[in-house]
Amino acid sequence: QVQLVEFGGGLVQAGGSLRLSCAASGRAFGLYVMAWFRQAPGKEREFVATVSRNGDTDYADSVKGRFTISRDNAKNTVYLQMNSLKPEDTAVYYCAAGLVGVRTTQSVLYWGQGTQVTVSS
């Protein structure tokens, strides 16, 4: 069992930056593939970024070059650095954990409660 808690959401102007953190409790954090998803009002939850056990990363095309995902296994924490934010990045951001290929909601074993990110124009 893994519990995930996100921190760092808020309101920011377009072009600004935010850093989200996700703290994991429970055993064997290092065994999980970690990811961030987001869900805007009226839209389906979508993949944002993932980081493998050894630090390999992958991103949705919409955030490539602007967002960076990273993990610190010693601190049981995964991060999402978001730069050059756009109004269309406004959504609730969810931390997620799975065992393989965490790029779809079906592959997620554990979800955080979500944190709101609002980007004003």
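I began with R66, which counts as buried at 11% relative accessibility; buried means under 20% relative accessible area, exposed over 50% and partly exposed in between, with a 1.4 Å probe and protein chains only. I then noted that salt bridges with shared partners join R66, R38, E46 and D89 into one network. For a salt bridge I required a side-chain nitrogen of Lys or Arg within 4 Å of a carboxyl oxygen of Asp or Glu.

I recorded that this is a predicted model, in which local features need pLDDT of at least 70 and side-chain atom pairs count only at pLDDT 80 or more, while totals for chains, interfaces and linings use all residues. Residues are numbered from 1 along each chain as its sequence is written, and side-chain values use heavy atoms, with hydrogens and water left out.

**Entry: salt bridges**

I counted five salt bridges by this rule. Side chains of opposite charge can pair when their charged atoms come close.

I looked up D89 and R66, whose closest N and O atoms are 2.8 Å apart in their salt bridge. D89 lies in the loop between strand 8 and strand 9 (91-98), and R66 in the loop between strand 6 (57-59) and strand 7, so the pair ties together parts that are 23 residues apart in sequence. D89 is buried, with a relative accessible area of 1%.

I next checked E46 and R38, a salt bridge with its closest N and O atoms 2.7 Å apart. R38 counts as buried at 5% relative accessibility, whereas E46 counts as partly exposed at 36%.

I also checked K64 and D61, where the closest N and O atoms of the salt bridge are 3.3 Å apart. K64 is partly exposed, with a relative accessible area of 47%, and D61 is exposed, at 65%.

**Entry: the whole chain**

I found zero helices and eleven strands in the protein; these are DSSP runs numbered from the N terminus, with helices being H or I of at least four residues and strands E of at least two. The radius of gyration is 13 Å, close to the 14 Å that the globule rule gives for 121 residues, so the protein is as compact as a globular protein of that length. The radius is taken over C-alpha atoms, and the globule rule is 2.2 Å times the number of residues to the power 0.38.

I noted that the C-alpha atoms fill a box of roughly 40 × 25 × 25 Å along the principal axes. Of the 121 residues, 45% count as buried.

I traced an open sheet of four strands in the order 1-3-8-7, with antiparallel pairing; two strands pair if DSSP finds at least two bridges between them. Strand 1 (3-7) and strand 7 (67-72) stand at the edges, each with a single partner strand, so one side of each is left without a neighbour in the sheet.

I saw that strand 1 pairs with strand 3 (residues 18-25) in the antiparallel sense over five bridges, and that L4 stands opposite A24 in strand 3. Strand 7 pairs with strand 8 (residues 77-82), also antiparallel, over six bridges; V78 in strand 8 is the bridge partner of R71.

I noted that strands 7 and 8 form a hairpin with four residues between them, and that N76 in the turn has a positive phi of about 50°.

In a regular strand the side chains alternate between the two faces of the sheet. For strand 7 I listed F67, I69 and R71 on the covered face, and T68, S70 and D72 on the uncovered one.
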